[in-house]
Amino acid sequence: MRICRFDDNRLGVVTGDGIHDVTQTLKELPTWTYPLPMFDPFIAELPKLSAAMERQARQSAPKPIDGVRLLSPVASPGKIIAAPVNYKKHLEEVLAQKELHHGNLINEIHKAGLFLKATSSLIGAGETIELIHLDRRNDHEIELAVIIGKPTRDVSAANALSHVAGYCIGLDITIRGPEERSFRKSPDSYTVLGPWLVTADELKDPSHLAFTITVNGEIRQDANSDDLVLGVPELIELASSFYTLHPGDVILTGTPQGVGPVRPGDVLLAKMDKIGEMRVNVGTRK
Ligand code: MN
């Protein structure tokens, strides 16, 4: 199933005909009192809600995808985990260019581990990336994004994929400079997830996905998840050996070679096999 959020927090199932509104399903979610859970309640309940969503989708007339504003398919992730330099050719390009590494010590992922982006940086494809510090280089990074489906701690790579709810395209927008990664990658709107979540029963193997991003029609990154240094199972194993992963937690798996600057007014088009494509506008903070 392909699941999206759109407009005023509506829930949709995407088919070849368009978006079928299944917002009513959200009434089945448990209600929470303070303290609110540190995971995404909808993703946690997804296995129980799937049948009702499919039924409602068949009963609701499709809307054209172009006519809605897509939000992040995960509303409230507890963590946005990200992998640094997880493609060999990207490591080589970073080491070769001072404007990318700024004298920071750049290690391969086995030594560097993972980092976190602020959850407040998250937007969907229908929202605008609002760049800040325009005097500095702001880059696009396209990445395969993994959404965790159930509590996961100390899982082995062999068992890791059964803990995945689904996948989407991720953009890890980045200000280049000397500061810590998480600081430069966490401004509001610097994480984009979309266009929708493709559930893991539909996308069983994330290891052979070709993907591209263009900026104003010019191709910038063109790669395949085959070339990940640590694949999705290994990333989940590594992450879950440090902290418990919860439903709705996002893992951005790292970007391949070809990162480059974006400017206000640019239009990004990101495409990934078996997921789809999303067009995202770049603006500036108002
Ligand atoms: Mn990245």
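Arg176 is buried, at a relative accessible area of 8%; here buried stands for under 20% relative accessible area, exposed for over 50% and partly exposed for anything in between, using a 1.4 Å probe and protein chains only. This comes from a predicted model, in which local features need pLDDT of at least 70 and side-chain atom pairs count only at pLDDT 80 or more, while totals for chains, interfaces and linings use all residues. Residues are numbered from 1 along each chain as its sequence is written, and side-chain values use heavy atoms, with hydrogens and water left out.

The side chain of Arg176 meets that of Glu141 in a salt bridge of 3.0 Å, N to O, a term that calls for a side-chain nitrogen of Lys or Arg within 4 Å of a carboxyl oxygen of Asp or Glu. This pair links distant parts of the chain, 35 residues apart: Arg176 sits in the loop between strand S12 (174-175) and H6, and Glu141 in the loop between S9 and S10. Helices (H or I, at least four residues) and strands (E, at least two) are DSSP runs numbered from the N terminus. Glu141 is buried as well, at 4% relative accessibility.

Glu141 also takes part in the metal site. The manganese ion has Glu141 (OE), Glu143 (OE) and Asp172 (OD) as its protein donors, at 2.0 to 2.1 Å. Donors are N, O and S atoms within 2.8 Å of the metal (3.2 Å for Na, K and Ca), and since water is not among the atoms, sites may look incomplete. Along the sequence, the donor residues follow the spacing E-x1-E-x28-D. Glu141 belongs to the loop between strand S9 (138-140) and strand S10 (142-148), whereas Asp172 belongs to strand S11 (residues 164-172), so this pair ties together parts that lie 31 residues apart in sequence. Glu141 and Asp172 are both buried.

Asp172 has a salt-bridge partner too: its side chain meets that of Lys185 at 2.8 Å, N to O. Lys185 is found in the loop between H6 and S13 and Asp172 in strand S11, so the pair ties together parts 13 residues apart in sequence. Both Lys185 and Asp172 are buried. Through shared partners, salt bridges join Lys117, Arg137, Asp139, Glu141, Asp172, Arg176 and Lys185 into one network.

The structure holds 15 salt bridges. Another one of these joins the side chains of Arg10 and Asp21 at 2.5 Å, N to O. Arg10 lies in strand S2 (residues 10-15) and Asp21 in strand S3, so parts 11 residues apart in sequence are tied together. Arg10 is partly exposed, at 34% relative accessibility.

Turning to the domains, the protein chain is divided into domain 1 (2-71) and domain 2 (80-284), with bounds from an automatic or database domain assignment. Their centres, taken over C-alpha atoms, are 24 Å apart. The contact (heavy atoms within 4.5 Å) takes 14 residues from domain 1 and 20 residues from domain 2. About 1300 Å² is buried between the two domains, 62% of it given by carbon and sulfur atoms; buried area is the accessible area (1.4 Å probe) that two parts lose on being put together, summed over both. On the side of domain 1, Arg2, Ile43 and Leu70 lose the most area to domain 2, together 46% of what that side buries.

Between domain 1 and domain 2 the count is 1 salt bridge. The side chains of Arg2 and Glu202 meet in a salt bridge of 3.0 Å, N to O.

Some backbone features complete the picture. A cis peptide bond, with omega about 0°, joins Tyr34 and Pro35, and Pro35 lies in the loop between strand S3 (18-21) and H1. The peptide bond from Gly194 to Pro195 is also cis, with omega near -10°; Pro195 is part of strand S13 (residues 191-199). Ser189, a residue other than glycine, has a positive phi near 80° and is buried at 6% relative accessibility.
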